Amino acid sequence: IFLASPSALTGSALFFAAQRCIRALKTVQAEHAPPQHYTWRRNCSSAVMPRITSHYTIFPRDKDPRWEGVEMERFADEADVVIVGGGPAGLSAAIRLKQLAKEQEKELRVCLVEKASQIGAHTLSGACLEPSALNELFPDWKERGAPLNTPVTEDLFSILTEKYRIPVPMLPGLPMNNHGNYIVRLGHFVHWLGEQAEELGVEIYPGYAAAEVLFHEDGSVKGIATNDVGIAKDGSPKDVFERGMELHAKVTLFGEGCHGHLAKQLYRQFNLRENCEPQTYAIGLKELWVIDEKKWRPGRVEHSVGWPLNRNTYGGSFLYHLNEGEPLVALGFVVGLDYTNPYLSPFREFQRWKHHPFVAKTLEGGDRIAYGARALNEGGYQCLPKVTFPGGMLIGCSPGFMNVPKIKGTHTAMKSGMLAAEAIFPKVTAEDPASETAGLHIPEYEDNLKKSWIWKELYAVRNIRPSFHNYFGLYGGMVYTGVFYWILRGKEPWTLKHAGLDSAQLKPAKECTPIEYPKPDGKLSFDLLSSVALSGTNHEGDQPPHLTLKDDSIPVANNLAIYDGPEQRFCPAGVYEYVPLETGEGMRLQINAQNCVHCKTCDIKDPSQNINWVVPEGSGGPAYNGL
Amino acid sequence: MSRVLVGVKRVIDYAVKIRVKPDHSGVVTDGVKHSMNPFCEIAVEEAVKLKEKKFIKEVVAVSCGPTQVTETIRTALAMGCDRGIHVEVSGKDYEAMGPLQIAKIFAALAKKEEASLVILGKQAIDDDCNQTGQMTAALLDWPQGTFASEVTIDGEKVKVVREIDGGLETIKISMPAVLTADLRLNTPRYATLPNIMKAKKKKIANMKPADLGVDMVSRVEVLRVDEPPTRLAGVKVETVDDLVAKLKANGTI
């Protein structure tokens with residue numbers, strides 16, 4: 001029996017409650033709150049909560065006594081252009097810059113930093129590549145040995161029910177039609193792009209993450225600084241501590257991929273999102289399987305919607321048969337992150353989808369050899385921010401040029417990188433750049449984008465994804481696509497809106513039903529931890545968790561209390577766990593940062609927007625091989 | 001006191017899940033994340049520390065294998081080695097390469113470079129042989145300080161504290177000598193980006209085993225590689241009688 005004091009119900013008492021929690025975090029108190037505060041005390045999970053976040057972005061080092069006297073000077077170097085991110089966009093931009101330099105016989109120093117230990121190790125995508133951008137970048141890509149080995153031969157689309165499959169004809173003109181495209185292992189393709197870039201003289205530095213944006217006095221971007229190394233888990237300096245390095249450039253390109261952490265900062269700094277909708281996302285989980293040769297159909301592309309998702313949860317699957325010697329299939333599942341049920345687990349939806357008779361028959365007798373996950377953009381045209389600012393620009397999936405109904409973003413990412421390079425080149429090689437700011441502002445890039453096929457493509461499909469926000473959900477969206485896209489090619493004069501921030505879409509747990517997922521059978525479906533092991537992900541253990549919380553008390557007080565801890569379910573790597581407190585009452589959040597596969601879903605979907613993903617020590621993260 | 005040779009091996013990264021090739025001839029290495037063998041990192045760190053303490057003048061990093069091993073040598077150069085030697089071995093020779101061939105190469109190089117010390121990692125995490133250091137010392141007829149957890153140079157002698165089954169053993173050996181690094185010898189420094197950039201300017205000499213008079217023929221042939229058998233779940237029993245009954249049932253007793 002406890003007494004709920006009336007004061008506990010007022011706002012000021014809640015404020016004092018929060019204060020108590022935060023103070024309790026700083027000084028570990030053994031005494032417990034008196035009984036009449038039991039209701040809120042349970043939410044704060046008692047006074048003995050171990051500290052979770054120790055990263056210097058939350059606890060600055062200049063105020064931290066452990067950092068007194070530590071040398072914080074950084075070595076700096078100058079380049080003409082610095083590119084953050086070694087993915088299709090970053091590498092295409094680097095290559096295009098060097099191609100122009102060669103053509104016009106000019107010298108240009110281009111440096112590219114990539115957080116993965118090797119180019120391609122953090123790359124994950126379906127993927128059906130539309131070779132349009134590649135044809136422009138390297139018309140002789142075949143002679144150069146680009147790994148486009150599997151032309152699409154068959155294209156199937158299905159609506160799945162629990163036991164059956166309704167085939168949908170793949171008519172030419174529908175956005176999903178794949179005629180002329182290639183099934184690729186994007187990681188291998190990106191690795192090949194990296195080799196081409198190195199041959200052209202681009203300086204590529206894998207294993208070094210861009211951790212900080214540097215600014216000139218006039219507020220323009222000066223370049224980036226790579227991550228510091230040798231900080232212990234509690235945030236103190238180790239013997240091997242060394243500062244990162246500063247790379248200064250006339251213009252810096254940010255190609256961090258979907259929901260980049262530096263891009264997040266730049267949106268705020270330069271107010272780049274004031275005239276567009278907030279970006280919406282999906283999470284894509286993928287596996288590679290070696291299957292029975294009898295079931296192998298190289299060049300076959302299969303997509304499905306429907307089961308196991310209900311009609312109001314956007315998502316679907318892909319299954320591609322590769323043609324690279326072994327009977328390999330790449331398959332995966334995408335779930336829109338605007339889902340409302342906090343009990344939904346994208347990972348477990350993926351695992352149970354594999355049991356559908358139509359899918360299981362391909363996988364039976366096969367072996368799973370790889371696993372990974374990554375968030376992807378779904379916003380399209382309505383969510384494109386301003387992409388240029390003094391000293392830099394955004395390229396690729398970072399601003400987000402993915403064509404969602406086509407489920408392709410690589411060709412537009414590459415093209416955006418190439419357009420950026422073409423806009424930059426005359427400015428950085430000019431004798432007198434004639435710029436108002438120290439870092440060059442090159443708005444021509446945005447003009448080029450608007451005149452290119454990227455813009456036309458994204459405009460034409462802009463209403464397909466938002467059309468799912470109706471009572472009939474998936475079916476309403478398909479009808480809209482059939483009428484307005486297939487017939488009218490997106491020429492309708494209106495532009496539909498998305499539903500708003502993904503993190504704001506979750507309904508409180510008490511309004512939703514928990515989903516009964518089947519136990520993994522170890523043959524077709526698997527548990528989370530063995531999947532994470534297959535991603536090869538690892539991080540230096542003794543470093544501050546890079547999944548930083550602005551406020552350590554919010555996960556239990558808000559996420560767990562109202563939404564039953566959705567991060568335990570949407571993280572595809574088991575980073576977030578709510579475990580019972582050692583001292584008895586209540587739960588605490590445990591962050592297993594070493595498991596992180598850098599998918600960014602938590603930063604996107606956290607209903608409290610309390611999680612801020614920052615980059616860990618370079619070369620940590622997954623070790624994807626051709627995913 | 002002049003020169004130290006340090007061996008570095010490029011191995012599959014320890015966190016990656018290994019997959020056996022479909023033809024069972026080996027493990028898949030194409031496109032798989034590789035890094036420097038952790039014990040080799042410790043060996044490099046020890047050599048660089050000795051140079052910083054002015055016991056030696058030059059550290060030479062050596063690796064044997066195809067072109068990709070030059071990345072590993074660059075990391076060693078970024079950690080502080082002065083120059084590198086890439087002994088080129090590829091194809092069938094590389095697949096059959098084992099501790100004996102490496103030991104012969106290192107013995108030849110140690111004589112050629114007039115090294116006072118050869119420091120290696122105690123073993124590689126891919127084959128777990130733990131033989132190269134010992135074989136190199138035998139071929140050179142040099143003393144060896146293996147499983148070193150502490151190394152101190154004392155004039156012309158080296159005091160080595162070795163990790164052995166019974167605890168710690170301290171020995172004093174004269175130089176030239178071969179040392180192999182164990183886990184607790186030191187904490188390797190990071191190869192930071194400015195050092196990687198500087199390392200691009202350091203020299204890596206290229207040579208073939210034949211240039212050193214080493215014959216790469218292996219007397220060991222790998223017949224087949226298989227995954228370890230899947231571990232079966234254990235069975236819990238409630239009482240001692242149950243245990244005895246189960247053991248009798250499966251024929252153990």
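A contact here means heavy atoms within 4.5 Å, and in chain B 71% of the contacts with a separation of 6 or more are accounted for by residues 24 or more positions apart. This is a predicted model, in which local features need pLDDT of at least 70, side-chain atom pairs count only at pLDDT 80 or more, and totals for chains, interfaces and linings use all residues. Residues are numbered from 1 along each chain as its sequence is written, chains are lettered from A in the order in which they are written, and side-chain values use heavy atoms, with hydrogens and water left out.

**Chain B as a whole**
- Chain B holds seven helices and eleven strands, where helices (H or I, at least four residues) and strands (E, at least two) are DSSP runs numbered from the N terminus.
- Of the 253 residues in chain B, 46% are buried, that is, under 20% relative accessible area, with exposed meaning over 50% and partly exposed in between (1.4 Å probe, protein chains only).
- Along the principal axes, the C-alpha atoms of chain B fill a box of roughly 70 × 45 × 40 Å.

**Helix H2 of chain B**
- Helix H2 of chain B covers residues 69-79, and its buried residues include B:Val69, B:Thr72, B:Ile73, B:Ala76 and B:Leu77.
- Just after this helix, B:Gly80 takes a positive phi of about 135 degrees.

**A tryptophan in chain A**
- A:Trp486 lies in helix H12 of chain A, which spans residues 474-487.
- Because its relative accessibility is 36%, A:Trp486 counts as partly exposed.
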